[in-house]
Amino acid sequence: MDDPTIHKKLLDLLVELAPEFAAEDIDLDEDLRDQLDIDSMDLQQLAGRIDDVFGVDIPEAERVELSTARSLIDYLQKRHGTTG
Amino acid sequence: MADFLMPSLGADMERGILSEWLVKPGQTVNKGDLIAVVETDKGAIEVEVWDSGVVDRLWVEAGAEVPVGTPLAHIREEGAPVEHAPAAAPVQIPEAAGVAAPVQAAAPPPQARSAPSSSTGGGVSPWARSLAAERGVDLSGLTGTGPGGAIVGRDVPERPVPKDPLQGMRRAVARAMEKSKREIPHYYLSTEVDLTDTLAWLAQFNADLPARQRVLPIVLWLKAIALAVHEVPEVNGFWREGALTLSEAVHLGVAVSLRGGGLVAPALHDVDDTPLPELVAGLADVVTRARRGRLRGSEMMDATLTVTSMGDRGVERVDGVIYPPQVGIVGVGRATERAWVVDGAVAVRTVTTLTFAGDHRAHDGHKGGLFLSAIAKHITHPEDL
Amino acid sequence: MSTVTYREAVRMALRESMTADERVFLMGEDVGRYGGSYACSMGLLEEFGEERIRDTPLSESGFVGAGIGAALVGMRPIVEVMTVNFSLLALDQIINNAATLRHMSGGQVSVPVVIRMSTGAGKQLAAQHSHSWEGFYTHVPGLKVCSPATVVDARGMLLAALDDPDPVVIFEHAGLYNRKGEMPEPPPSVDLRTARVAREGTDITLITHGGCLWRTLEAAETLAEQGVSAEVLDLRMLRPLDWATVHQSIAKTHRAVVVDEGWKSWGFSAEVSARIAEESFWMLDAPVRRVAGVEVPIPYATHLEKASIPQPADVVRGALEVVGRG
């Protein structure tokens with residue numbers, strides 16, 4: 001999956017959690033919980049969905065550091081990028 | 001063999017709309033199967049049937065609004081003769097005008113009252129109807145300024161006004177909270193719980209688990225609370241007509257906030273008896289369906305004790321409001337790092353403020369205090385949960 | 001442009017038609033020596049002679065029948081029935097002969113008769129002499145029914161009627177004869193098909209004809225002061241009625257009031273209401289209202305007579321109720 005696709009798909013997953021947001025309105029650097037009004041259950045759901053879509057299971061220790069959209073995208077691009 | 005009645009899905013529910021049948025006449029159902037979707041103030045609730053048998057006749061058409069207790073369908077035992085009229089008489093509510101009542105004899109499904117009439121009681125002019133249809137505006141929300149309160153052309157807005165989807169829910173929550181504060185003499189207790197070791201255990205426990213199976217702290221709390229009920233059963237039951245009825249089962253109501261506002265507290269059944277992995281899946285499922293507005297009747301009605309948690313983003317302390325007819329509510333605040341005394345020295349520990357609001361008619365502070373202590377004990381021994 | 005009275009406009013048409021076509025003649029009670037009970041034919045006996053201006057006996061059935069007979073053999077009679085009230089005596093002739101002979105003869109004959117009648121109330125002529133029988137006459141297939149309200153139509157409709165090969169009944173409201181109006185020069189010809197928008201408006205359509213037109217226009221002025229923009233339709237033709245113009249107006253305003261001097265029930269305004277319900281239903285924002293004669297024989301006393309037929313205030317009140325401000 002190439003980088004732009006990862007970017008788009010991650011934002012789509014965020015919109016799944018917060019349907020009243022449009023993908024282009026999500027601030028990549030703002031804390032997701034504040035911005036989208038989501039809680040830990042939502043984040044767990046997101047982690048599950050990331051596994052579904054990207055095949056990446058983010059270990060809990062690493063996941064708690066990824067609090068912004070950008071950090072998630074960077075992480076996924078590193079771990080999953082360019083392998084198609 | 002029995003009639004399936006319009007269920008009461010809340011303390012002050014008087015009527016509901018049968019929005020969808022999930023079975024057909026002739027279909028065999030087993031106890032617990034979903035039989036219909038009922039629209040209430042709290043959203044669309046999937047209702048289970050409590051009898052097994054064959055669905056005989058559907059008395060009420062989809063879309064009909066009827067009082068609680070109205071026979072909706074007949075379930076006969078396999079092999080029993082076909083029924084022609086409902087056995088139970090429909091419940092009449094005094095102020096309900098124009099409400100459908102099932103017809104005698106082998107008649108087609110009775111005339112159901114159509115979509116809620118306009119708030120005016122007057123008519124709607126043909127022109128207004130044309131405009132509304134053209135603009136996609138829902139007539140039922142409009143106020144009429146025409147003769148006799150009729151809705152006329154000028155009353156139809158250019159664009160549909162987005163209806164507040166949570167209006168009904170807000171009303172329902174308001175009613176429940178008013179009733180609670182009016183009738184239940186609340187007493188309040190709290191304790192602080194050092195969660196540091198529990199959270200460390202949890203991190204270990206979750207380390208090798210895939211995301212969806214990881215246990216969130218709230219799941220530990222639910223199990224701990226459910227087990228604590230065994231030690232202080234008085235907090236788990238219902239206050240009705242001046243007396244406390246204890247519940248054998250521990251069905252914890254979990255307060256779930258909905259996007260855009262609104263609050264439901266659907267029940268997780270038999271939490272004391274459910275292993276953690278199942279609790280994780282069960283909670284995720286209930287929360288998802290709550291947020292999508294597809295809860296089941298049993299989830300709406302069965303909670304014996306409610307838990308409200310601030311999660312990781314909320315405030316440090318929450319004192320809940322008891323949902324009648326329950327007799328208690330547990331509040332779990334946000335875990336924060338605090339200066340704490342451990343073994344005579346000050347250390348930084350992760351601490352949560354745990355509260356309990358109890359119905360003073362059902363039990364007193366002593367019991368409440370014992371309950372909180374029991375919860376604290378269980379939560380600090382997570383390996384036993 | 002010149003200012004003429006309604007009666008002068010009628011006289012213009014009488015004179016013009018008799019001058020242009022020797023088949024045209026006028027017959028009726030007091031049309032000759034007396035100059036017409038409403039003075040419409042004043043001076044015409046002297047101008048055209050006894051063969052063309054014929055005084056008849058007091059025998060409506062007889063002289064209307066004679067007129068029909070004259071029309072059958074190729075003349076173009078204008079039969080003046082003094083008032084519509086007396087026409088009741090000639091109904092058999094008008095309905096069973098004039099309206100029906102073309103049909104019954106399979107088209108072999110036609111009856112090009114023009115029957116002029118004064119109509120309406122307001123002159124203290126009491127119950128037997130104050131009728132509005134537009135409802136009766138419009139009910140009959142085979143008749144054309146005109147209701148000129150303006151001087152232009154008073155002249156023009158009579159001329160157009162004389163060109164029509166079939167019977168035409170013209171209702172002239174007695175209260176209009178003295179009314180002055182502007183007659184363009186040269187005077188225009190008019191059709192016997194269309195309704196006219198006498199006043200444009202957007203909030204409500206007031207549908208009327210003949211003597212009620214001017215009262216309705218007055219009401220529209222009052223309504224405008226109260227912020228209601230009324231469109232006034234002068235129907236002109238009662239049968240056939242220009243439903244297209246009615247429909248078009250209601251499509252714009254979504255509300256209608258029918259104003260007619262005849263009794264409300266079972267009459268002319270009832271037909272207009274029914275047709276609007278049939279053809280303009282989906283555009284209506286309010287029920288169609290009728291402002292019409294009170295269901296009583298027309299009283300003799302002035303104040304009671306006034307109260308029994310539509311007045312501007314009645315039209316205003318009716319319109320405000322329909323608009324939702326009554």
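**Entry 1: a hairpin in chain B**

I started with the hairpin of strand 19 of chain B and strand 20 of chain B, which has two residues between the strands. One of the residues I looked up here, D343(B), takes a positive phi near 50°. Strands, I noted, are DSSP runs of E with at least two residues, helices are runs of H or I with at least four residues, and both are numbered from the N terminus. Strand 19 covers residues 336-342, and seven bridges join it to strand 20, with the two running antiparallel. For pairing, DSSP has to find at least two bridges between two strands. I also found V342(B) standing opposite A345(B) in strand 20 of chain B.

A reminder to myself: this is a predicted model, where local features need pLDDT of at least 70 and side-chain atom pairs count only at pLDDT 80 or more, while totals for chains, interfaces and linings use all residues. Residues are numbered from 1 along each chain as its sequence is written, chains are lettered from A and ligands numbered from 1 in the order in which they are written, and side-chain values use heavy atoms, with hydrogens and water left out.

**Entry 2: salt bridges**

How many salt bridges does the structure hold over all chains? I noted 47. The term means a side-chain nitrogen of Lys or Arg within 4 Å of a carboxyl oxygen of Asp or Glu.

Is R349(B) buried or exposed? R349(B) is buried, its relative accessible area being 17%. The cut-offs are under 20% relative accessible area for buried, over 50% for exposed and partly exposed in between, using a 1.4 Å probe and protein chains only.

Next I looked up E46(B), which forms a salt bridge with R294(B), with 3.4 Å between the closest N and O atoms. This pair links distant parts of the chain: E46(B) is in strand 5 (residues 43-48) of chain B and R294(B) in strand 16 (residues 294-296) of chain B, 248 residues apart. E46(B) counts as buried at 12% relative accessibility, whereas R294(B) is partly exposed at 29%.

R135(B) is partly exposed, with a relative accessible area of 24%, and E158(B) is exposed, with 58%.

**Entry 3: an open sheet in chain B**

I then traced four strands of chain B that form an open sheet in the order 1-8-6-3, with antiparallel pairing. Strand 1 (2-5) and strand 3 (28-29) stand at the edges with a single partner strand each, so one side of each is left without a neighbour in the sheet. Inside this order, four bridges join strand 6 (residues 53-58) to strand 8 (residues 71-76). L58(B) stands opposite A73(B) in strand 8 of chain B.

**Entry 4: two helices crossing in chain C**

The axes of helix 9 (residues 212-225) and helix 13 (residues 312-323) of chain C come within 8 Å and cross at roughly 55°. These axes are lines fitted to C-alpha atoms, for helices over the stretch in contact, and angles run from 0 to 180 degrees between N-to-C directions. Among the residues that meet are R215(C) and L223(C) in helix 9 and P312(C) and A319(C) in helix 13; contact means heavy atoms within 4.5 Å.

**Entry 5: backbone details in chain C**

Which peptide bond is cis, with omega near 0°? I found the one from E185(C) to P186(C). P186(C) sits in the loop between strand 8 (180-183) and strand 9 (196-199) of chain C. The bond from R239(C) to P240(C) is cis too, with omega near -5°.

Last, I checked D30(C), which has a positive phi of about 65° although it is not a glycine. D30(C) is partly exposed, with a relative accessible area of 37%.
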